[in-house]
Amino acid sequence: MFPFFSRHWPDSLSFRLNGIIAIAVGTLALSLAWQQLEATRASVREEITAANRVATQLLERTGWIVVSAGPQAMLAFLEQLGRVRANDIQLIDAQGQVLYRSPQPTYKQGRQVPDWFHHLVAPAPQRQVIRLPGDAQLSIEADPSRAILDGWDDLTQLALQTALALVALLGVVFAAVNRLVRPLAQVEQALARLEQGDYATRLPVLSGREARLIGAAVNRLGEAIEATLAARVQAIEAERSLARSRDWAQEVEARLETERKEIAAMLHDELGQSVTGIRSLARSLALRLPASDGPGRQAAALIDQEASRLYEAMHGLIPRLTPLSLGPLGLAEALGDLATTLRPKHPGVQLHTELAPDPIPPGVHSPALLAAYRVAQEALTNAFKHSGARHVVLHLSWPTTTHVCVAVEDDGRGLPDADQRPARFGLLGLRERVLALGGEFRAERRPQGGSRIEARLTLPS
């Protein structure tokens, strides 16, 4: 509405509001003053026109009567008549000599209005000339000065009263505006404290509906910032705790793998030789005993059989402790060897393999490859021993040369709910191991029945 002021006024809202109100009130006052001025102009014009017309008619009718007695009689009449308000009267004889001029007005004598006001209000000059017998003439000219002076006095009085009323009104309005915008200073201070990090800042209930709404919004903002900050702190702490847990889990897994390798080597090297020695001694003993010693020969054969079973169990345990073929042959060959080992032990279950060949050369050691192998091993063990499945499928795929995906599907009874899974499933440990390596792990029921366990891992480049 006021582009100039909106560009140059200070940024204070109360100053702008007060200025706009002052301009509006001042504009109203000027409008009232202009209307009063127009009314004064019309009043002066009407009064002067009427006065001049009445004086002209009066003198025109009486002039012929009085002049018949001679110019001196007319002069005497005018002198007795005196000043006719708002008119200057002159009696001029045939030679153009002024015989009479009406006296100066005594009403508000000596006072004049400002020239600018006179020019604004004064009507057009009005002069009437009455021809008298003997070539004399009577000049009647309207004099609006006293009427204009009355209008000026009325206008100044009205302006003074209006100014006093406007000053009082503006004082009340300015005080009310300042009172209304005072809560905004509290809002500004609260926002400044929030900006400085004092997120516990809260505003009291402010006066005024709009101020209350703004204050409530600022309070909600502070609460939201506090809640967000607390959530972020908790998330950071949780992430740090998870990172520590993952680091610890990786260290534990690394130690477990080391222990498994050492145990597997001990079983293969030391215990394996001892069991082989026991079998050799049992066979030698059976050959040395006489044929008549049936119980002795039977005991020696029994020792040989038990040692043989122990040897087979030991060799079946070694691949579970450490995949001997994972290093030299690669993941696909190691999983194939695992499937070959498991099939004879579970003849009632059909195990199918879909193993994509390794895109990386054999012999590359990676925790991700070992984790993929352990996921497949644990999932196959669960499927064979606990699911009651008749068909099991082992998948191995390589989405890229640096990503490996292993999955085991079965048509068994499906995975139990998370809160009902016994510790033997080991899914939690598998999940943590995969997540610790930055991979993805899913264990879910299939819509058509059975379960699917899948792990996706990233190989180090």
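I looked up E454 and found it buried, as is R452; buried means under 20% relative accessible area, exposed over 50%, and partly exposed in between (1.4 Å probe, protein chains only). I note that salt bridges with shared partners join E409, R442, R446, R452, E454 and R456 into one network. For a salt bridge, a side-chain nitrogen of Lys or Arg lies within 4 Å of a carboxyl oxygen of Asp or Glu.

I am working on a predicted model, where local features need pLDDT of at least 70, side-chain atom pairs count only at pLDDT 80 or more, and totals for chains, interfaces and linings use all residues. Residues are numbered from 1 along each chain as its sequence is written, and side-chain values use heavy atoms, with hydrogens and water left out.

I searched the whole structure and got seven salt bridges. Side chains of opposite charge can pair when their charged atoms come close.

I checked E454 with R452: their side chains meet in a salt bridge at 3.3 Å, N to O.

Next I took E409 with R452, whose closest N and O atoms are 2.2 Å apart in a salt bridge. This pair links distant parts of the chain, 43 residues apart: E409 is in strand β7 (residues 403-410) and R452 in strand β9 (residues 451-458). Strands are DSSP runs (E, at least two residues), helices are runs of H or I with at least four, and both are numbered from the N terminus. I found both E409 and R452 buried.

Last, I looked at R202 and E226, a salt bridge with its closest N and O atoms 2.7 Å apart. R202 sits in the loop between α5 (145-195) and α6 (209-288), E226 in helix α6, 24 residues apart. R202 is partly exposed at 31% relative accessible area. E226 is also partly exposed, at 33%.
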